[in-house]
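This report describes the fold of one protein chain, from its overall form down to single residues. Please look at the sequence and the model before reading on.

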Amino acid sequence: MTSGKKLYFASDFHLGVPSYESSLEREKRIITWLEMARSDAEEIYLMGDVFDFWFEYKHVIPKGFVRFLGKLAELTDQGINIVLFKGNHDMWMFDYLEKEIGVTVISDELIIERFGKRFYLHHGDGLGPGDAKYKFLKKIFRSKTCQWLFSWLHPSIGIAIAKYWSKSSRIASNQKETFVSEEKEWLVQFSKSLLTSEHFDYFIFGHRHLPLSIQLDHASQYVNLGEWINYNSYAVFDGSTLQLLYWETERQRSV
Ligand SMILES: [Mn+2]
């Protein structure tokens, strides 16, 4: 990491829902954020559920997100390292975005060290106690055989099924998440249990749809990146501290 440069983290854009119009507005907002970040970003981590649904067929990808994908390509062409995590909504990314846009796609966790600090990064799905039903589904959704079978459905059918499903998700129906206690935060519990065997300075996740920054012990910080329908939240690491921030465009502020 070059001194003066920063790492940016954001998650859960859920592009595509709840409606075409609102998603397009969010996409443009995300682009203003990427434009801000490009001036001092060395790396940008987009940590899953960037798309509310994504499936790559051999020769076909879902329509839309043209501005966003173009902007990512522009930034990678400029030399910024962009890392895209698979989320539970968009785990069907294969090699198209790596080839075409120049991003790196991460399937599960990623451990990085920058300026002597160790980061544990993961979208956050299927970790910690509970959620046995999802953990089972994830095995099926991630299986090569199921993905191969799904790919034989015509996109008009496959994507329609996926859209029907995603309409019933928490984010599409705009249910706001609330914090109860650290004990009830599965990802906090997961991070604490990892700390008993290995040291990390930072744990960064998405998935929870609630921006959170929690000090786990004197040397470890847990950050949840929130989501971009309600919060426009993101994190930035400047080489010494990790901050959770909220992106406001000029236009929003003047409303
Ligand atoms: Mn999500």
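## Basis of the model

The model is predicted, and local features need pLDDT of at least 70, side-chain atom pairs count only at pLDDT 80 or more, and totals for chains, interfaces and linings use all residues. Residue numbers start from 1 along each chain as its sequence is written.

## Overall form

The protein chain has eight helices and eleven strands. Helices (H or I, at least four residues) and strands (E, at least two) are DSSP runs, numbered from the N terminus. The radius of gyration of the chain is 18 Å, close to the 18 Å given by the globule rule for 255 residues, so the chain is as compact as a globular protein of that length. The radius is taken over C-alpha atoms, and the rule is 2.2 Å times the number of residues to the power 0.38. Along its principal axes, the C-alpha trace spans about 55 × 40 × 35 Å.

Of the 255 residues, 34% count as buried. A residue is buried if 20 or more other C-beta atoms lie within 10 Å of its own, exposed if 12 or fewer, and partly exposed in between, with C-beta atoms placed from the backbone. Among contacts between residues at least 6 apart in sequence, 68% join residues at least 24 apart; a contact means that the C-beta atoms, placed from the backbone, lie within 7 Å.

## Annotated domain

UniProt, in an unreviewed entry, places the feature "domain: Calcineurin-like phosphoesterase" at residues 6–210. UniProt positions are given in the numbering used here, feature names are shortened, and annotations may be inferred rather than shown by experiment. Over residues 6–210 the chain is 38% helix and 17% strand, and the end C-alpha atoms are 23 Å apart.

## The six-stranded sheet

Six strands form an open sheet in the order β4-β3-β2-β1-β10-β11, with mixed pairing. Two strands pair if DSSP finds at least two bridges between them. At the edges stand β4 (104–106) and β11 (242–246), each with a single partner strand, so one side of each has no neighbour in the sheet.

Strand β1 (residues 6–10) is mostly covered, with four of its five residues buried. Five bridges join β1 to the parallel strand β2 (residues 41–46), where Tyr-45 is the bridge partner of Phe-9. Strand β1 also pairs with β10 (residues 233–237), in the antiparallel sense over three bridges; here Leu-7 has Phe-237 as its bridge partner.

## The five-stranded sheet

Another open sheet, of five strands, has the order β5-β6-β7-β9-β8 and mixed pairing. Its edge strands, β5 (110–114) and β8 (211–217), each pair on one side only.

Helix α6 (residues 155–167) has 13 residues and should span 18 Å at 1.5 Å a residue; its end C-alpha atoms are 18 Å apart, which agrees. The expected span is 1.5 Å times one less than the number of residues. Helix α6 is hardly covered, with one buried residue among its 13.

Thr-145 lies in helix α5 (residues 144–151). Thr-145 counts as exposed because it has 8 C-beta neighbours inside 10 Å. Thr-145 and Asp-131 are 14 residues apart in sequence and 23 Å apart in space, C-alpha to C-alpha.

Definitions and conventions: Contact = placed C-beta atoms within 7 Å.
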